[in-house]
Amino acid sequence: MKIYILKAPLLLQPKTQIHQYPAHNKDYGIEQDFDIWIRKQSELLTDDASAADWHYLPVYWTRWHINHKFAANGEGLAELQQEVDRVIIDDAKTFTITQFDGGTLINTGKGTVFTAARTINEGIDIPILCSPHRKPPFPPKKKYLGTFNGSFDTHPIRIEMEKRFRNNPEILIQGGLPTRFYKRWLWAKNFNLRTMESYVSLSPRGTSCNSFRFFEAMQLGIAPCLIGDVDVRPFKKFIPWNEISYYASTVDELEDLLAKLDKKEAIEKGKKAYKYWKNELFYQKWCKYIIKELEQTT
């Protein structure tokens, strides 16, 4: 298989974005990560667009949309569409990488979109990654079956989850805790420690079907549980997700899962999840799965 990198102008690759999320994250994401990785794979690349099996469209969609007020009221979309139309040679051969909620938000024709945070848009699911969290020198003792920290108003499933478990001492549901790891970690009031105190990290969908928490939990060595109507755990053809994570499509399913939870199994899943995150899904590691997906799509 050969890939041609389309000649995108610098306009489509903003050097920075005006807002970071999560708050602790560096101004770097999967869009930049894949762009850097693919340019190192000389055996896959060709300078002949007509001879290529695939054309890679290297647009930094997230930076573009954030810098244009999250595309509110369509801001920036007309210009973006115009510039992308100038770059694409054969839309059926084109693929791109996007992390932004809702994907590219423009028409890329028959192209293939790999998306980390889809809403109602279609695409092939990929990880939604961020900078690693710091960990305490010794893991805290387990206190909870499951924990969640975050806002509740981004999806009804989060509201329902908060109502269902608010009085359950074995399940900690909180909002507004800081996501940074502070030196005064004995307060035990931050995302890192609460997550590590649980057997399962609850990762409900929000605006998008995916959640940063899912992969943050893997980095912290805790088995993640994706909760939502769409199972967007990436690369299911190649990664044994049932061995390293949980999935519940509804809060009812989640409640049943936690009631029957095998704690030893959950701990083992967390250990395996960390290894997969480190060796297969962190920056530069996950990119090879794009090639595997493209090989099966050709």
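Me: Where does T108 lie?
Reply: T108 lies in the loop between β3 (94-98) and β4 (112-115). Helices (H or I, at least four residues) and strands (E, at least two) are DSSP runs, numbered from the N terminus. This is a predicted model, in which local features need pLDDT of at least 70 and side-chain atom pairs count only at pLDDT 80 or more, while totals for chains, interfaces and linings use all residues. Residues are numbered from 1 along each chain as its sequence is written, and side-chain values use heavy atoms, with hydrogens and water left out.

Me: Is T108 buried or exposed?
Reply: T108 has a relative accessible area of 10% and is buried. Buried means under 20% relative accessible area, exposed over 50%, and partly exposed in between (1.4 Å probe, protein chains only).

Me: And what is T108 in contact with?
Reply: Leaving aside neighbours within four places in sequence, T108 is in contact with W61, I88, D91 and V113. Contact means heavy atoms within 4.5 Å.

Me: Changing topic: which residues of α4 are buried?
Reply: In α4, the buried residues are I157, R158, M161, E162 and F165. Seen down the axis of α4, they fall within an arc of 140°, so they line one face of the helix. The arc is that of the directions from the helix axis to the C-beta atoms.

Me: What does the face turned away from that side carry?
Reply: That face of α4 carries the exposed residues P156 and K163.

Me: How do the axes of α4 and α8 cross?
Reply: The axes of α4 (residues 156-165) and α8 (residues 251-259) come within 10 Å and cross at roughly 40°. Axes are lines fitted to C-alpha atoms, for helices over the stretch in contact, and angles run from 0 to 180 degrees between N-to-C directions. The two helices, α4 and α8, are therefore oblique to each other; angles under 35 degrees count as roughly parallel, over 145 as roughly antiparallel, 65 to 115 as roughly perpendicular and the rest as oblique.

Me: Which residues make the contact?
Reply: From α4 they are I157, E160, M161, R164 and F165, and from α8 they are V251, D252, L254, E255 and L258.

Me: Another topic: where is F235 found, and is it buried or exposed?
Reply: F235 is found in the loop between β9 and α7 (241-244). At 2% relative accessibility, F235 counts as buried. F235 also has a positive phi of about 55°, although it is not a glycine.

Me: Last one: which residues does the cis peptide bond join?
Reply: The cis peptide bond joins Y21 and P22, with omega about -10°.
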